[in-house]
Amino acid sequence: MKVLVIDGQGGGIGRQIVQAVRASFPNWSITAVGTNSLAAASMLKSGADRAASGENAVVVCSRKADVIIGPAAIVIADSLLGEITEKMASAVAKSNAVRILVPVNCCGNIIVGVPDLSVGKLVLSVIEELKKLDDSLRR
């Protein structure tokens with residue numbers, strides 16, 4: 001399974017996602033793409049197999065992934081303090097990959113109807129969804 005984790009700013013959510021995916025699925029390939037080099041480096045240090053940063057990396061890696069994971073903002077142009085470009089949001093949205101979007105309320109984007117959970121609980125929810133996906137693919 002080829003997993004792409006996308007994050008911006010300091011890469012904190014992405015770092016936690018990479019750690020949890022690596023612990024739960026040690027043989028899966030994890031690529032981390034940060035909207036900036038700080039986010040990419042943070043995710044690489046946490047266990048990603050490879051990392052890159054910037055718009056073109058999001059576009060290219062979105063085409064190759066089986067699963068894309070990141071904050072919901074990765075499909076909203078100009079989100080994450082302007083770090084998500086239109087090309088990035090479009091590439092993620094148009095990808096054939098399964099998208100697991102973490103509902104984080106920030107930067108003027110509010111997701112209603114979702115309980116205000118800690119990042120740790122949100123990451124556990126990501127792992128639960130990956131396990132369901134993995135089970136369905138094994139059948």
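**Cores and loops**

Setting aside neighbours within four places in sequence, V21 contacts P26, W28, I30, I69, I127 and L130; contact means heavy atoms within 4.5 Å. This is a predicted model: local features need pLDDT of at least 70, side-chain atom pairs count only at pLDDT 80 or more, and totals for chains, interfaces and linings use all residues. Residues are numbered from 1 along each chain as its sequence is written, and side-chain values use heavy atoms, with hydrogens and water left out.

V21 belongs to the largest nonpolar core, a set of 23 residues. Such a core joins buried Ala, Val, Leu, Ile, Met, Phe, Trp, Tyr and Cys residues through side-chain atoms within 4.5 Å. Buried means under 20% relative accessible area, exposed over 50%, partly exposed in between (1.4 Å probe, protein chains only). V5, I17, V21, V67, I69 and L130 have the most contacts inside the core. Two or more residues come from each of β1, α1, β2 (29–34), β4, β5 and α6. Helices (H or I, at least four residues) and strands (E, at least two) are DSSP runs, numbered from the N terminus. The most comes from α6, with 6 residues. A second, separate core holds 15 residues, among them V33, V58, A73 and I74.

Now the loops. Q9 lies between β1 (2–7) and α1 (12–24). Its phi is near 45°, positive in a residue other than glycine. Q9 counts as partly exposed because its relative accessibility is 33%.

D78 sits in the loop between β4 (67–71) and α4 (79–82). Phi of D78 is also positive, near 70°. With a relative accessible area of 59%, D78 is exposed.

P103 is in the loop between β5 (98–102) and α6 (119–138). At 26% relative accessibility, P103 is partly exposed.
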